[in-house]
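Welcome! Take a moment to look through the model and its sequence below, and then follow the tour by topic.

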2 protein chains.
Amino acid sequence: MSHQSDTLHKPCGQTKGQGLRNQSPHPQVMELILHLRQTIEDYITQLETRHLQQDREPEKQGHSQATREQEAILVHLMCQVISLLYSGATSSLELQLPLHSLDIRGDVGGGQLAQSPREPDQLSHQLSDSEAAFTNYDLSNHGIAISALYHSTFRDFMAYQRDKYQEEKNPSGFINLGINENKLCVDLMTERLSRSDMNYIDDDLLQYSDWKGHAFLRKELARFFTHYSKAPAQLDPENVVVLNGCCSLFSVLTMVLFNPGEAILAPTPFYPGFTFASRLYSKVELICVHLDSEVTEAATCHFQLTVGKLEKALLDARLEGKKVKGLVLINPNNPLGDIYSRDTLNEYLEFAKRYNLHVIIDEIYMGTVFDESIPFHSVLSMESLPDPKKTHVIWGTSKGFGISGFRFGALYTTNKDLVSAVGAFGFLHGISGITQHKMCRLLQDREWIDNVYVPTNRSRLQEAHRFITNQLKALGIPFLNRGSGLYVWMNLKKYLDPCTFEEELLLYRRFLDHKLLLSPGKAYMCKEPGWFRLTFSDKPLHLKVAMQLFSRALVEQKQYLVEKQRKDALSE
Amino acid sequence: MSHQSDTLHKPCGQTKGQGLRNQSPHPQVMELILHLRQTIEDYITQLETRHLQQDREPEKQGHSQATREQEAILVHLMCQVISLLYSGATSSLELQLPLHSLDIRGDVGGGQLAQSPREPDQLSHQLSDSEAAFTNYDLSNHGIAISALYHSTFRDFMAYQRDKYQEEKNPSGFINLGINENKLCVDLMTERLSRSDMNYIDDDLLQYSDWKGHAFLRKELARFFTHYSKAPAQLDPENVVVLNGCCSLFSVLTMVLFNPGEAILAPTPFYPGFTFASRLYSKVELICVHLDSEVTEAATCHFQLTVGKLEKALLDARLEGKKVKGLVLINPNNPLGDIYSRDTLNEYLEFAKRYNLHVIIDEIYMGTVFDESIPFHSVLSMESLPDPKKTHVIWGTSKGFGISGFRFGALYTTNKDLVSAVGAFGFLHGISGITQHKMCRLLQDREWIDNVYVPTNRSRLQEAHRFITNQLKALGIPFLNRGSGLYVWMNLKKYLDPCTFEEELLLYRRFLDHKLLLSPGKAYMCKEPGWFRLTFSDKPLHLKVAMQLFSRALVEQKQYLVEKQRKDALSE
């Protein structure tokens with residue numbers, strides 16, 4: 001660390017400081033900075049004096065009360081300066097909301113879904129011009145933007161929430177194969193969660209805990225990861241942070257790792273939950289690394305992620321002046337179902353190291369690998385990571401364990417600074433103590449996991465996957481067959497004419513009219529129109545009914561296409 | 001704040017610093033301090049240069065990239081110094097002393113705690129070479145700032161978490177009367193939560209719900225508020241949003257109601273949890289409305305909030321160019337214990353309407369009114385609100401029900417746009433379904449609430465309050481006696497000489513040395529040094545031990561003052 005006397009020695013007296021303090025656009029910060037400078041000088045003098053004394057009286061080696069007090073004042077001042085700088089008192093760290101974030105066209109996917117004819121007042125609400133919105137809403141710009149984005153993203157999900165299919169009670173309700181929930185083992189889970197060990201309560205569970213999560217749970221998670229991620233050595237509970245869900249973790253990570261305006265690479269198709277999460281708070285930009293459905297020499301399978309593609313996206317972004325600082329990977333992948341091989345994974349991590357990128361790797365689908373012939377490799381299993389301090393794993397119980405309603409996510413990282421920063425956000429993303437206890441008991445019960453839950457879950461996933469894919473085969477619909485995940489990524493291009501995102505949206509709506517929710521590729525920022533994700537981890541009866549609705553909608557779509565072609569032919 | 005040029009001007013160049021750095025018993029701190037000093041000089045120079053430029057080119061008033069970068073480095077360095085001072089790196093010589101003497105001395109309170117012999121690798125981590133730390137830190141500016149703020153805010157709380165007082169097992173642990181938890185009825189709550197109706201599980205509880213909270217819970221909350229807040233008509237479940245705690249709600253409200261840089265009025269002393277929450281995500285500025293302890297013609301009781309004070313603070317802020325858009329009220333008040341009369345409340349709301357302000361009113365202490373002669377008026381009980389679309393109530397179960405570990409908070413507002421915007425943030429602030437179920441059952445059980453919980457809680461609060469206030473009276477310590485809350489706001493000015501915040505901090509640390517946590521007034525942005533908040537809602541045994549520690553610390557403080565005065569007299 002250099003320490004140049006010329007800087008320190010140049011005249012910098014009271015006049016300078018005082019003058020600046022009065023003119024400064026942020027007088028409070030300046031006041032504190034000047035006070036801090038003086039305190040530092042006093043502190044140095046104090047220590048110097050003590051050293052001279054100690055030379056004379058070497059037995060008095062203790063830290064003096066005076067020094068200690070000065071340190072307290074130093075800390076106090078520094079916290080104040082930090083806090084003011086952060087609060088935007090200098091307006092340097094403060095960002096104005098960019099106009100484009102008011103854009104509610106819903107490029108996150110399915111934006112126009114908001115405008116279904118069923119809710120006219122909501123429609124007019126959303127179509128109101130932004131001028132009017134400013135004067136009428138009485139919310140902040142960000143509040144308005146998020147509210148709009150939320151409606152466009154979750155409107156159909158909310159409709160489903162209000163009107164769920166039930167065989168007896170509501171046979172005309174929605175079946176949701178658009179959302180990624182694992183409903184195959186609710187029976188097992190309900191039974192396990194009902195056992196008496198789950199209902200333990202003590203004082204600590206009812207009171208505030210460490211914001212990183214209760215120590216007992218972080219300890220159990222370290223054990224769990226060590227075992228199921230096949231770590232080469234025991235993992236450290238101090239590297240674990242628990243928040244209420246993986247999306248919360250993703251949001252907080254983008255907040256504490258990247259400055260506003262910095263960018264991260266996201267291979268697309270990409271999980272829209274993260275896209276939404278990244279917009280609520282942080283100002284990070286997602287740079288799409290568009291994968292192609294086509295098989296080529298460089299990409300030997302559909303939608304293959306290669307280092308070449310990552311590198312090209314990064315360099316292109318840099319040419320546009322963007323600061324690319326991170327990469328997010330989902331393994332096993334959502335929505336593709338890809339499981340990265342150990343070598344491939346290592347190549348991605350080496351690439352990230354080369355370009356000094358943080359890697360957020362989401363392994364939430366770890367427990368959904370139903371094809372036993374395909375090995376899954378957690379980054380936690382690797383003997384050595386290319387850049388351990390910049391490799392951060394997140395995991396949750398929503399998918400493998402099928403309990404998305406638990407709102408539970410865990411981070412593992414050896415970057416202590418990151419643990420500390422994410423932990424601070426636990427203040428606003430905490431989980432109830434009783435839920436933490438239940439989670440701990442669940443993860444502890446290896447016998448139940450290994451002998452009951454995992455084998456049953458796997459065989460039911462296989463069965464459901466077989467049923468759905470057989471149906472797709474019968475309909476002649478191409479899909480990726482990758483052996484993990486709760487979904488298939490399928491190609492409905494042949495039902496679009498022309499093959500555009502507008503037509504994809506119309507097809508999506510046709511499914512909706514038949515009370516079936518699916519996820520259109522546009523929501524995943526997929527480059528090519530026509531792809532849909534269909535979740536198969538639902539009850540057999542639901543799958544059966546859903547596939548009837550699906551087939552019916554496609555028949556209708558075909559008729560529509562025929563009619564359209566006839567009209568087109570006539571008008572030529 | 002004094003600023004003496006003679007201290008700043010004396011020669012203090014490289015030789016001095018370098019020499020000291022090499023001899024210093026804590027070279028890393030010194031290294032950083034010297035680097036910090038230089039950075040401060042550079043920063044001042046930079047700003048001065050910019051001011052000269054701006055005089056020439058007044059249109060370029062923005063904060064330059066260079067300044068911004070220097071601020072980031074400043075923040076970064078300060079965080080490192082804070083972290084090292086906390087870790088006790090300066091007390092390296094003391095490491096040679098017996099291990100028990102490493103215990104708590106606490107610069108800003110328990111600093112050396114981090115170096116307990118139990119955490120050797122943490123120690124080595126913190127003592128790792130500062131150069132390496134500098135290059136490895138690798139978080140965003142905001143991540144660094146929040147991490148530092150978190151540590152300065154929660155450090156002593158974390159020390160308490162690791163070392164709680166237990167009569168048998170850990171009689172030398174911390175007693176925490178600094179945090180606002182109600183531990184008086186844990187027995188009742190544990191019994192109620194253990195009944196079989198609590199352990200119900202169904203599919204919906206295990207899956208994603210409406211992000212605003214499950215419909216069954218919002219329905220029950222509307223009923224609960226209608227009854228216990230004495231609403232003139234049935235309240236609407238569609239106006240309720242459930243998030244994981246009132247601090248989350250406050251944070252989200254500041255995010256969706258106010259644009260970055262806008263300001264809200266916060267009467268001080270003010271709850272620090274909201275201050276912290278407001279800094280994690282939003283960029284809203286809290287404008288202190290400083291209340292005076294003095295009784296005057298205009299303010300007929302201590303720390304009285306008047307419309308005059310609100311108006312003056314608002315107009316002063318406007319004169320400084322600030323956009324004041326909101327007001328936050330806590331009723332019953334934390335830390336004062338004030339309960340606003342219906343008329344007073346109405347005056348505040350009328351004031352807010354006059355100036356077009358949103359009002360966030362926190363009624364979380366509703367269930368802590370232990371003096372039955374003082375009526376509590378919820379804003380929800382008012383026949384008509386001056387500006388209903390801009391009046392937003394939050395409530396939670398942490399205080400009255402004493403279950404802060406549940407992480408539960410509810411918003412009631414008739415502003416539909418706000419419901420929608422806050423609901424969107426439920427995506428990242430959700431609560432587990434099983435916790436929502438338990439909460440619903442609890443609120444439903446009116447018989448238990450009315451006949452068991454409320455009367456027991458009230459009488460235990462009265463008893464604990466009586467015990468503590470009798471002790472304070474015996475010690476001749478003035479305090480506010482207001483009939484609500486879990487705490488007393490007391491005046492320890494007579495133990496400070498001079499009466500400054502530095503001395504207040506030293507007294508706080510003296511309590512900490514005695515293993516007692518209290519909350520100093522500074523944390524509440526109180527204008528006058530010497531005030532402390534003491535929470536009395538703890539077990540009788542804890543209160544008894546705590547008051548012994550309290551008295552002991554005050555005796556020591558008195559001795560310290562006498563000694564100090566003696567020295568001062570001699571030196572005159």
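The secondary structure of chain A comes to 19 helices and 12 strands; helices (H or I, at least four residues) and strands (E, at least two) are DSSP runs, numbered from the N terminus. This is a predicted model, in which local features need pLDDT of at least 70 and side-chain atom pairs count only at pLDDT 80 or more, while totals for chains, interfaces and linings use all residues. Residues are numbered from 1 along each chain as its sequence is written, and chains are lettered from A and ligands numbered from 1 in the order in which they are written.

**How confident is the prediction?**

- The predictor gives the complex an ipTM of 0.80 and a pTM of 0.81.
- Chain A has a mean pLDDT of 85, and 81% of its residues reach 70 or more; pLDDT is the predictor's confidence in each residue, from 0 to 100.
- Residues 87-136 of chain A have a pLDDT below 50, and this stretch has 80 contacts in the model beyond near neighbours in sequence. Two residues are in contact if their C-beta atoms, placed from the backbone, lie within 7 Å.
- Over residues 1-19 of chain A the pLDDT also stays under 50, with 31 contacts beyond four places in sequence.
- Where pLDDT is low, the predicted coordinates should not be read in detail.

**Chain A as a whole**

- Of the 572 residues in chain A, 51% are buried. A residue is buried if 20 or more other C-beta atoms lie within 10 Å of its own, exposed if 12 or fewer, and partly exposed in between, with C-beta atoms placed from the backbone.
- Among contacts in chain A with a separation of 6 or more, 73% are between residues 24 or more positions apart.

**Strand β5 of chain A and its partners**

- On one pairing, 3 bridges join β5(A) to strand β3 (residues 263-268) of chain A, and the two run parallel. Two strands pair if DSSP finds at least two bridges between them.
- To find this pairing in the model, look for Leu265(A), whose bridge partner in β5(A) is Leu327(A).
- Strand β6 (residues 358-362) of chain A is also parallel to β5(A), joined by 5 bridges, and here Leu329(A) stands opposite Ile361(A).
- Together with helix α14 (residues 342-354) of chain A, β5(A) and β6(A) make a right-handed β-α-β unit. Right-handed means that, with the strands pointing away from the viewer, the path from the first strand over the helix to the second runs clockwise.

**A buried helix in chain A**

- Is helix α11 (residues 246-257) of chain A enclosed or open? Its residues are buried in 12 of 12 cases, so α11(A) is largely enclosed by the rest of the structure.
- Those buried residues include Cys246(A), Phe250(A), Met255(A) and Leu257(A).
- The end C-alpha atoms of α11(A) are 16 Å apart, which agrees with the 16 Å that its 12 residues should span at 1.5 Å a residue. The expected span of a helix is 1.5 Å times one less than its number of residues.

- An open sheet of 3 strands in chain A has the order β9-β12-β11, with antiparallel pairing.
- Strands β9 (487-491) and β11 (519-520) of chain A stand at the edges with a single partner strand each, so one side of each is left without a neighbour in the sheet.
- Strand β12 (residues 531-535) of chain A pairs with β9(A) over 5 bridges, and Thr535(A) stands opposite Tyr487(A).
- The loop between β9 and α18 (501-513) of chain A holds Lys493(A), which is partly exposed, with 18 other C-beta atoms within 10 Å.
- Leaving aside neighbours within four places in sequence, Lys493(A) is in contact with Cys499(A) and Gly530(A).

**A look at chain B**

- An open sheet of 7 strands in chain B has the order β2-β8-β7-β6-β5-β3-β4, with mixed pairing.
- Strands β2(B) and β8(B) pair in the antiparallel sense over 4 bridges, with Val241(B) opposite Leu411(B).
- The buried residues of helix α10 (residues 215-228) of chain B, among them Leu217(B) and Phe224(B), pack against β2 (240-243), β8 (409-412) and α16 (433-444) of chain B.
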